[in-house]
Amino acid sequence: DEESLSGLVKQYLEESGYKVFMARDGIEAVEMYKENKGHVDLVLSDLGLPKQGGWEAVMQMREMNPRLNVIVLSGYVSPEQRMEMTRLGVQDIIQKPYAPTDVLKKIRKVLDTRITTVNS
């Protein structure tokens, strides 16, 4: 939701070899996912997105793919919210402020766990 920070994270991820689709709001994120879902290994979403919140967008994407890997970014997540998100399949929650390197490490961990699980 913060263009300067999301742009920095996008640049850092692309420099690390990832292809990044970036949406400006929750509605655009769902549409982008519909169009590219065969090419999306993980969704990284802020909860505070314009037009449609990040959580609502994530839930719509998970309806299309219940096994979708999701990492949520937020300024604050209550213990109850954290428990509910984890129960609904969110692999990790990154609290603001964060460094792009932290995001990269969490993404790598989720993707590596997915690969290990698939190959087991």
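This is a predicted model: local features need pLDDT of at least 70, side-chain atom pairs count only at pLDDT 80 or more; totals for chains, interfaces and linings use all residues.

Trainee: What makes the pair of glutamine 52 and glutamine 60 a polar contact?

Mentor: The cut-off for a pair of N or O atoms is within 3.5 Å. The side chains of glutamine 52 and glutamine 60 are joined at 3.1 Å, so the distance meets that cut-off. Glutamine 52 also touches other residues, among them Gly26, Ile27 and Val30.

Trainee: How do you know that the buried residues of helix 2 line one face of the helix?

Mentor: The buried residues of helix 2 (residues 26-36) are Gly26, Ala29, Val30, Met32, Tyr33 and Asn36. Viewed down the helix axis, they fall within an arc of 165°, so they line one face. An α-helix has 3.6 residues a turn, so residues three or four places apart point the same way. The buried residues of helix 2 pack against strand 1 and helix 3.

Trainee: Why does aspartate 46 count as buried?

Mentor: Its relative accessibility is 9%, and the limit is under 20%, so aspartate 46 is buried. Aspartate 46 lies in strand 1. Its side chain reaches the backbone nitrogen of glycine 48 at 2.7 Å and makes a polar contact of 2.6 Å with the side chain of lysine 96.

Key:
Residues are numbered from 1 along each chain as its sequence is written. Side-chain values use heavy atoms; hydrogens and water are left out. A polar contact is a pair of N or O atoms within 3.5 Å; within protein, one must be able to donate a hydrogen and the other to accept it, and residues adjacent in sequence count only if both atoms are side-chain atoms. Contact means heavy atoms within 4.5 Å. Buried means under 20% relative accessible area, exposed over 50%, partly exposed in between (1.4 Å probe, protein chains only). Helices (H or I, at least four residues) and strands (E, at least two) are DSSP runs, numbered from the N terminus. The arc is that of the directions from the helix axis to the C-beta atoms.
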